[in-house]
Amino acid sequence: MTADAPIPLDADRATQLAAEFGLKPEEYDRVLGILGRVPSLTELGLFSVMWSEHCSYKSSRVWLRELPTRAPWVIQGPGENAGVIDIGEGLAAVFKMESHNHPSFIEPYQGAATGVGGILRDVFTMGARPIANLNALRFGDPAVPRMQRIIDGVVRGIGGYGNCVGVPTVGGEVNFHPAFDGNPLVNAMTVGIARSDRIFTAAATGTGNPVVYVGSKTGRDGIHGATMASAEFSADSEEKRPTVQIGDPFAEKLLIEACLELMATDAIVAIQDMGAAGLTSSSVEMAGKGGMGIDLVLDAVPQRETGMTAYEMMLSESQERMLMILKPGREAAAEAIFTKWELDFAVIGRLTDTGRIVIRHRGAVEADIPLAPLESEAPLYRRPTAETPKQPVIDAAAVPDPLGITAALERLVACPDLCSRRWIWDQYDSMVGGQTARRPGAADAAVVRIEDHRRALAMTTDCTPRYCQADPEEGGRQAVAEAWRNLTAVGARPLAITDNMNFGNPEKPEIMGQFAAAVRGMASACLALDFPVVSGNVSLYNETEGRAILPTPAIGGVGVLEDVVQAVGLALPAGCDLVLVGETHGWLGQSLWLREVAGREEGAPPPVDLAAERRNGDFVRTRILAGEVRACHDCADGGLLVTVAEMAMAGGIGATLAAPPPGIPPHAWWFGEDQSRYVLALPDAAPLLAAARAAGVPALRLGRSGGGALVLPPGESISVGALSAAHEATLPALMMGD
Amino acid sequence: MKAGIVVFPGTNRERDMALALARVTGRRPDMLWHRDADLPPGLDLVVLAGGFSYGDYLRCGAMAARSPIMRAVRTHAARGGHVLGVCNGFQILCEAGMLPGALLRNASLRFLSMDCHMRVERADTPFTHRFQRGAVFRATMAHGDGNYFADAATLDRLEGEGLVALRYTTPDGQATEAANRNGAARGIAGILSPSLRVLGLMPHPENQVDPEIDGTDGLPLFESLAGSFAAAA
């Protein structure tokens, strides 16, 4: 062997290491076939991360193909760093959601912080200035001290990173369920704005073009993070802490400004952030997408530690780094920008026409791999699936009401899944940027105006994991429909979604069955609502000691308002009629009332009738845009009365409500979680009810706002102040120990 | 009014501030780079905007206070120029010795992002003359280190010389403990230099200047500034 070829590992040692790196025996055989020899250590590391579940989507890809990804307004669908949609006036919205579940469990603060950092880079890599962050969080039982520490760390981590980079955190969602005790979910979403004719992608072109490394230095943190994220947890997961990366939001802020400054020139051919699997995945994907080869000389990589090996540098997941291909001769101009922002800049290689990745370090070739088979022969599994057994539909008439309506309401608004999230969002800067028109808690979706435009984006994240557990197909459908509904409820035209698929071990047929069914349900809603998927992320193996999470296909939705002043919030004004749009049967299966009041977690979840969803939503949006509606809130968790109570608490105004129609038990009327419904507040219901009749949309007058209490027939009443006190007390009381 | 906003590495509310200033002056302020040793000529107002200069990895504002442009800012103030420091900018002014005291970690030890209310303690300054004395206005607060601290003698001097510009209160103007979320000494939200030409405050009035976004509670502060210089010109 000479220094011109990689030095293979000892064959037995390589077999053993391949297993330790998470390669299955048949996958390792493919490595041997592609190379025609035993790999070097660096090569083996490279194969194992590229073929990890996290990077290769080997278990999920066959199913994800079923999702609709096209619409006339889609500029870039899945497959790039983020999705891109046309929002008019020459502008594009660039967005994606991504999980950082495994790192956040091991090290909550850094895990969550670097999750935010990673998704920000995915968005500004495409040429967009990030304008908003959201996060979808699922935690275990919040009464358990260990979980409180995780909640606290995750919230501090998200705030610590987002606040420092100066991107407002404007929305998101939180659920609690013991199924997340050993595996909380941290899904972070970023939305950015770019000119639609200035979108940057990862496909590298131009033999001889310089490969440029910018950002922070490379250290030994996060080595094999992608592999860790592709395995279940066991009792010794604490030992995996060194695989979690450390975030530096200050460096990220500089990187955003420097990249956007360089992107305003025409120096960049292609750009990709170094996320999971760091330098390996960025270099392999950029060269692979462009059909090129790539030569890297690792001696030039800016290093934070001494004596780093090629293997360590290629697998490091140090944060706040980007890889770019520049046009020839632009290095000096680009370097000046990065020097101005006090960031590292180094030419670390060249594009070649060999179709191979060749890695050199200290004069020796450490890896030499053909790129095409790395992708074309990547494992792809159609794993066996088992259908989730259907649960029976619960007959509301057969479920007695043990508590009464107002007492149940007071309990529900204070339960962890429905209580105020103020304790969380009070730690996130939601206003920086000066464009946040609807901040957390003010509306069903956050509304952020685009600087120097009338236009605004609405954004939301949604999923109801307990529905998905009971019926993954209905749950997947519901998650997409609810995102569409929340955007509609502020008056926005829903445009597209990003999905973050969080599931257990795909090697178990029941888990893979959940995944396949959820995708089926999501696809049906995407099609019916013209709401395509433009980006996404899959997180599998969310299990600890064999216990899986509730399946959670979290949906991040984005919509547009042509004028920010059209947006409506949910706060109830005085002197308004309340109108319920949509049909109510009193569906108690999987409702929070059934769980929190009757103590039963069972039944089929509420089905979504997609035709009714579209009809009701289009009707509501038309009325909002006509300027008739003062407040709007969709009926979601907790049902109709919780919806009205949330509006009342936000506005500090009560309401007098009409009696339920005959034939529905009152508790089912008030707390059933029937889908596709909205509560609207407007000065006079009559014209809207007439319009609804004409449009074939079910609508009825629910009551009238005013006073300081919710008054229910036959004369029960509860003060809005008392509800608010209960609603606000829960999280601070739980988290006081920190 | 000719205004300039200093951009340090990690400054992140310079765009918000530029929008607020443009709203009252009709033109975008200059962006000033931290490494420059000189300010552009003819500047009426220098703004140190919010953010996390140098990541705030050392004491907040400590690094920025020692950057080249701060010498020029100090000279500008000494020559009678006006300086507004908001949030990180207030921290930098304290670290630079241009205002007394320091901003400690919030009493709750948490980052606080929420609305607060402030009472205008002095309405005869270049920053506040469009308010009524005792008026209360709402502003966004977003900081981890906003707990104003100074020794008792300094606090007494500030109070005695009328240099406390803004104090945290309830919406109806009561200076209660609950209204003072970060635990600041004597509920102090903002202080003035003896010349009344340097103001530092923790909350962000620049986020309340647009009726379409979050109301215009903060606008009088910027109108005061614009008015001061329109009258002078």
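Predicted model: local features only at pLDDT ≥ 70, side-chain atom pairs only at ≥ 80, totals over all residues.
I'll start with chain A. Along the principal axes, the C-alpha trace of chain A spans about 90 × 50 × 45 Å. Of the 738 residues, 65% are buried. If you take the contacts in chain A with a separation of 6 or more, 84% of them are between residues 24 or more positions apart.

Now chain B. A compact globule of 233 residues would have a radius of gyration near 17 Å, and chain B has 16 Å, which agrees. Its C-alpha trace spans about 45 × 35 × 35 Å along the principal axes. Buried residues make up 65% of chain B. Among the contacts in chain B with a separation of 6 or more, residues 24 or more positions apart account for 74%.

In chain A, helix H7 covers residues 108-124. At 1.5 Å a residue, its 17 residues should span 24 Å, and the end C-alpha atoms are 25 Å apart, so the two values agree. How many of the 17 residues of H7(A) are buried? The count is 16, so H7(A) is largely enclosed by the rest of the structure.

In chain B, take helix H1, residues 14-25. H1(B) has 12 residues and reaches 16 Å from first C-alpha to last, close to the 16 Å expected. Its buried residues are Glu14(B), Asp16(B), Met17(B), Ala18(B), Ala20(B), Leu21(B) and Ala22(B). As background, an α-helix has 3.6 residues a turn, so residues three or four places apart point the same way. After H1(B) comes Gly26(B), with a positive phi near 80°.

About 50 Å³ of space lies in the largest cavity. Which residues line the largest cavity? They are Asn175(A), Phe176(A), His177(A), Phe180(A), Asp417(A), Pro465(A), Arg466(A), Leu550(A) and Arg595(A). By type, the lining divides into 4 nonpolar, 2 polar and 3 charged residues. Strand E5 (169-176) and helix H17 (465-470) of chain A each supply at least two residues of that lining.

Now some backbone details in chain A. The background is that most residues other than glycine have a negative phi, and most peptide bonds are trans. Glu320(A) has a positive phi, near 60°. Glu320(A) sits in the loop between helix H12 (310-315) and strand E10 (321-326). Is Glu320(A) buried or exposed? Its relative accessibility is 2%, so Glu320(A) counts as buried.

Arg362(A) also has a positive phi, near 50°. It lies in the loop between strand E12 (356-361) and strand E13 (364-370). Arg362(A) has a relative accessible area of 57%, and the cut-off for exposed is over 50%, so this residue is exposed.

Then there is a peptide bond to look at. Pro713(A) and Pro714(A) are joined by a cis peptide bond, with omega about 5°. Pro714(A) is in the loop between strand E27 (709-712) and strand E28 (716-719).

Last, two residues of chain A and their distances to other parts of the chain. Lys24(A) is in the loop between helix H1 (11-20) and helix H2 (25-35). Its relative accessible area is 32%, so Lys24(A) is partly exposed. Leaving aside neighbours within four places in sequence, Lys24(A) is in contact with Tyr381(A) and Glu507(A). Asp563(A) is 539 residues along the chain from Lys24(A), and their C-alpha atoms are separated by 54 Å.

Ala729(A) belongs to helix H25, residues 720-735. Which class does Ala729(A) fall into at 41% relative accessibility? It counts as partly exposed, because that class lies between the 20% and 50% cut-offs. Ala414(A) is 315 residues from Ala729(A) in sequence, and the two are 7.5 Å apart in space, C-alpha to C-alpha.

That is the end of the walk-through.

Key
Residues numbered from 1 in each chain as written. Chains lettered and ligands numbered in written order. Heavy atoms only, no water. Helix = DSSP H or I, 4+ residues; strand = E, 2+ residues; numbered from the N terminus. Expected span 1.5 Å × (residues − 1). Buried < 20%, exposed > 50% of the residue type's maximum accessible area, 1.4 Å probe, protein only. 1 Å grid on protein atoms, 1.4 Å probe; cavity = no way out; pocket = protein on both sides within 12 Å on 5 of 7 lines; lining within 4 Å. Points joined across faces, edges and corners; volume = space filled by probe spheres on them. Nonpolar A, V, L, I, M, F, W, Y, C, P; charged D, E, K, R; others polar. Rg over C-alpha atoms; globule rule 2.2 N^0.38 Å. Contact = heavy atoms within 4.5 Å.
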